[in-house]
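Here's a quick tour for anyone meeting this structure for the very first time. Take a look at the sequence and the model, then read on.

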Amino acid sequence: MSPLAANIYLDQLDKYMESKYLHLIKGARARRRKQGKGNYLYARYADDFVVLCNGTKAEAQSMKEELHHVLKGMGLTLSEEKTKITHITEGFQFLGYRIERSRGETGKMVPKVLIPASAVTRFRHKVREMLAPSTSQESLSAKMHALNSLIRGWCNYYRCTSSPSKIFGKLSHEIYWDMVHWLGRKYQVNTPTVLRRYLKGHNTFGTATKTLVMPRDIKAKKRLVRTWHNPYTGIERIEREHLFSYTTLWTGDEHDRPGAMDLREEMMLLKGTRCAIQGPDCTSHGKPLHPSEVGMDHIIPRAKFKDPTEADRMGNLQPTCTPCHRAKTQTDSQVLRRMR
């Protein structure tokens with residue numbers, strides 16, 4: 001609700017800035033510069049906004065006071081703690097990026113969008129949390145699936161920064177050795193055994209069906225330098241974005257059944273992906289299913305076993321399609337209720 005409320009309340013601020021400063025054409029901006037006045041650029045995302053000024057520090061301070069009065073008239077307060085005036089060469093952070101002006105490859109001063117050190121540190125901590133010693137009971141398949149989501153999401157968010165490949169390369173090296181140590185703890189084997197069993201190519205790890213994505217696999221993407229119009233005040237329609245978020249990230253936890261994804265993968269390798277039941281509502285029609293569509297069914301329900309490890313033996317497992325799996329689970333539940 002917070003971004004939605006911010007867009008509703010701050011729509012008035014967008015219109016104020018556009019009508020007073022942003023609508024000026026190139027000639028009008030040039031005349032202001034000749035008069036010794038600075039021009040302004042303004043960008044907002046939800047309740048975060050930044051104003052760029054090519055004038056003096058006094059003009060930047062004046063703009064801050066102006067924004068304070070505009071927001072006060074809307075019943076809002078400008079946070080003094082979060083609102084800072086800084087020189088572009090010192091840089092600032094906005095929406096998780098560090099923006100600054102520094103010397104480029106040609107020797108000229110150019111604007112750069114960088115990955116903040118704090119973002120790299122948080123990413124490293126998240127990887128180490130996901131590969132902590134306490135997680136060694138979880139499935140390798142589940143862990144790689146969760147890591148792939150984290151790595152793809154984070155690296156795609158930062159792939160448009162200035163020269164991200166150097167940082168991606170360093171992180172790949174760290175993840176490589178973090179994964180070696182995690183696999184060694186999980187299977188109680190030494191490093192050469194880990195590399196012999198799970199190394200794919202020269203730089204990553206995998207199983208028969210999954211491969212760990214490394215940051216270096218995400219290629220840098222050049223930013224498109226063009227004029228963007230505010231989609232809320234213009235006639236253009238805005239498309240909803242899918243942004244990377246740590247709060248919704250699955251870390252590979254399997255909760256009550258650690259190792260289940262590895263067991264399912266082993267079952268598919270040994271018994272294939274054809275539905276073993278093929279009931280009246282079967283969707284496979286006797287053909288192999290895509291691995292993502294295969295369910296792992298216990299021929300004799302797990303609830304009948306005193307020892308769950310006995311229930312998970314390969315002889316008691318069979319691949320099924322989703323309708324057949326649901327139908328059998330429902331039937332098994334009814335039988336177990338009658339037995340009680």
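**Briefing: the chain at a glance**

The chain carries 57 positive and 34 negative side chains, and the centres of those two sets sit 5 Å apart. Lys and Arg count as positive and Asp and Glu as negative, while His and the chain ends are not counted; each charge is placed at NZ of Lys, CZ of Arg, CG of Asp or CD of Glu. Keep in mind that this is a predicted model, where local features need pLDDT of at least 70 and side-chain atom pairs count only at pLDDT 80 or more, while totals for chains, interfaces and linings use all residues. Residues are numbered from 1 along each chain as its sequence is written, and side-chain values use heavy atoms, with hydrogens and water left out.

**Overall shape and surface**

- There are ten helices and nine strands in the chain; these are DSSP runs (helices: H or I, at least four residues; strands: E, at least two), numbered from the N terminus.
- The radius of gyration is 28 Å, whereas a compact globule of 340 residues would come in near 20 Å. That radius is taken over C-alpha atoms, and the globule rule is 2.2 Å times the number of residues to the power 0.38.
- Along the principal axes, the C-alpha atoms fill a box of roughly 85 × 50 × 35 Å.
- Of the 340 residues, 36% count as buried (buried means under 20% relative accessible area, exposed over 50%, partly exposed in between, with a 1.4 Å probe and protein chains only).
- Take the contacts (heavy atoms within 4.5 Å) between residues at least 6 apart in sequence: 62% of them join residues at least 24 apart.

**The loop between H5 and H6**

- Threonine 161 is found between helix H5 (140–158) and helix H6 (165–187), and it is buried at 5% relative accessible area.
- Setting aside neighbours within four places in sequence, threonine 161 touches Tyr97, Val113, Leu114, Ile115 and Arg223.
- A polar atom of the threonine 161 side chain lies 2.6 Å from the backbone oxygen of tyrosine 158.
- Serine 163 lies in this loop too, but serine 163 is exposed, with a relative accessible area of 61%.
- The phi of serine 163 is near 50 degrees, a positive value in a residue other than glycine. Most residues other than glycine have a negative phi.

**Histidine 298 and its surroundings**

- Histidine 298 has its place in strand E8 (residues 295–298) and counts as buried at 8% relative accessibility.
- Its side chain makes a polar contact of 2.7 Å with the side chain of aspartate 312. A polar contact is a pair of N or O atoms within 3.5 Å; within protein, one must be able to donate a hydrogen and the other to accept it, and residues adjacent in sequence count only if both atoms are side-chain atoms.
- Beyond neighbours within four places in sequence, histidine 298 is in contact with Arg257, Ala311, Asp312, Asn316, Leu317, Lys328 and Asp332.

- Leucine 95 sits in the loop between strand E3 (92–94) and strand E4 (97–103), and is partly exposed at 31%.
- Leucine 95 also has a positive phi, near 55 degrees.
- Lysine 26 lies in helix H2 (residues 26–34) and is exposed, at 75% relative accessible area.
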